[in-house]
Amino acid sequence: MSPSRVLVLNSGSSSVKYQLLDMRDSGRLAMGLVERIGEETSRLVHTPAGGETREWSGPVADHDAALKAVAAELARDGLGLDSPELAAIGHRVVHGGRRFTRPTVVDDTVLAEIERLIPVAPLHNPANLTGIRTARALRPDLPQVAVFDTAFHTTMPESAARYAIDTETADAHRIRRYGFHGTSHAYVSRATAKLLGRAPQEVNVIVLHLGNGASASAVRGGVCVDTSMGLTPLEGLVMGTRSGDMDPAVIFHLMRVGEMSADEIDTLLNKKSGLIGLCGDNDMREIRRRIDEGDEQAALAFDIYIHRLKKYIGAYYAVLGRVDAVAFTAGVGENSAEVRGAALAGLEELGLLVDPGLNAVRGAEPRLISPEYARVAVAVVPTDEELEIATQTYALVGR
């Protein structure tokens, strides 16, 4: 029997998230997290399928030590990296530019190109590279596959991907709209079609990935034609700590009048804006609690969040022309009935309705929350980016 297991690694600057899946049935064999890498208080949490969670704290010097710790935990469950049943390791890579339009087996040339893209993804690609290099050193004989957040959005037409700036300048500095959360948008759009009992090629879906980071996409027949994030994940919706869409002249104003440096403005827009900048909280549950207690600042932050979200729903309805479904996913999208209801309130003329009873139900399975007679289906579809990465990795290795 050929190897059927895929280890999925998501390497951040100071963390490694991982899942081991058996692709014969897409079952999870183990999952875990190493965080605070490089500190004395590093922490590893490991959960084997059907077993109890194990946790330990102590110094983990670097990503090499982190992956060796992960390998040791997997080995305790008989799932070690030396297992002949391990077919490949799939790596989440945030930015693939225009070159990487599909999952790719990593070699030195691929590594060099991911490194070349660091200027447009300085927070993510270096950490992704570290994870890949460490895994290659541990298992040099095993296929390492890069799955790119941007790949699903490379199908956008130039009319959606281009910014209206001088083309020579844009091309020289690779300035265009790339989009992110691509593995989530791919998975959810396909799962939504399945929920409707139709093929992805037959369905037009607006996907709303609403977490601390948030993005929307317009998917026509299984192909992305527009998405809200741009050159970086800063563009688009109001997010937990990111501003989303904003007049670029605000930056010049802050430089000239506020005497702020480029780094200070970068920090402001990425880490001190969005919901946390508007009301001091970026947890939607806490914001809703404050609203229920009459907090006007929290209420205004929520209204701004919903206003931007509603604008994108309307815009993508226009882009698609025909919409078969709107799908909510990620932490806020899956769990906040208030956000879902408010985002679609007043859009009944577009065929968008939410059944209050269905919307209030919580669950881990994809489900419809629109009434049966609604012209457009409204769905809640839990995302599964790790399964999507594993699926794409295994399909490539199999070929």
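Trainee: Which residues line the largest cavity?
Mentor: In this predicted model, the lining of the largest cavity is made up of Leu7, Leu9, Leu67, Val70, Leu81, Ile89, Ala135 and Leu138.

Trainee: And which elements each supply at least two residues of that lining?
Mentor: Strand β1 (5–11) does, and so do the helices α1 (63–76) and α3 (125–138), each with at least two residues of the lining.

Trainee: Switching to β10, how many of its residues are buried?
Mentor: Six of the seven residues in strand β10 (residues 214–220) are buried, so that the strand is mostly covered, taking buried as under 20% relative accessible area.

Trainee: In which sense do β9 and β10 pair?
Mentor: Strand β9 (residues 204–210) pairs with β10 in the antiparallel sense over seven bridges, with His209 bridged to Ser215 of β10, and the hairpin that joins β9 to β10 runs through three residues.

Trainee: What about β10 and β11, over how many bridges do they pair?
Mentor: β10 and strand β11 (residues 223–227) pair over four bridges, in the antiparallel sense, and Ala218 has Asp226 in β11 as its bridge partner.

Trainee: Which residue takes a positive phi in that hairpin?
Mentor: Gly221 does, with a phi near 60°, in the hairpin of β10 and β11, where two residues lie between the strands.

Notes. Residues numbered from 1 in each chain as written. Predicted model: local features only at pLDDT ≥ 70, side-chain atom pairs only at ≥ 80, totals over all residues. Heavy atoms only, no water. Buried < 20%, exposed > 50% of the residue type's maximum accessible area, 1.4 Å probe, protein only. Pairing = 2+ DSSP bridges. 1 Å grid on protein atoms, 1.4 Å probe; cavity = no way out; pocket = protein on both sides within 12 Å on 5 of 7 lines; lining within 4 Å.
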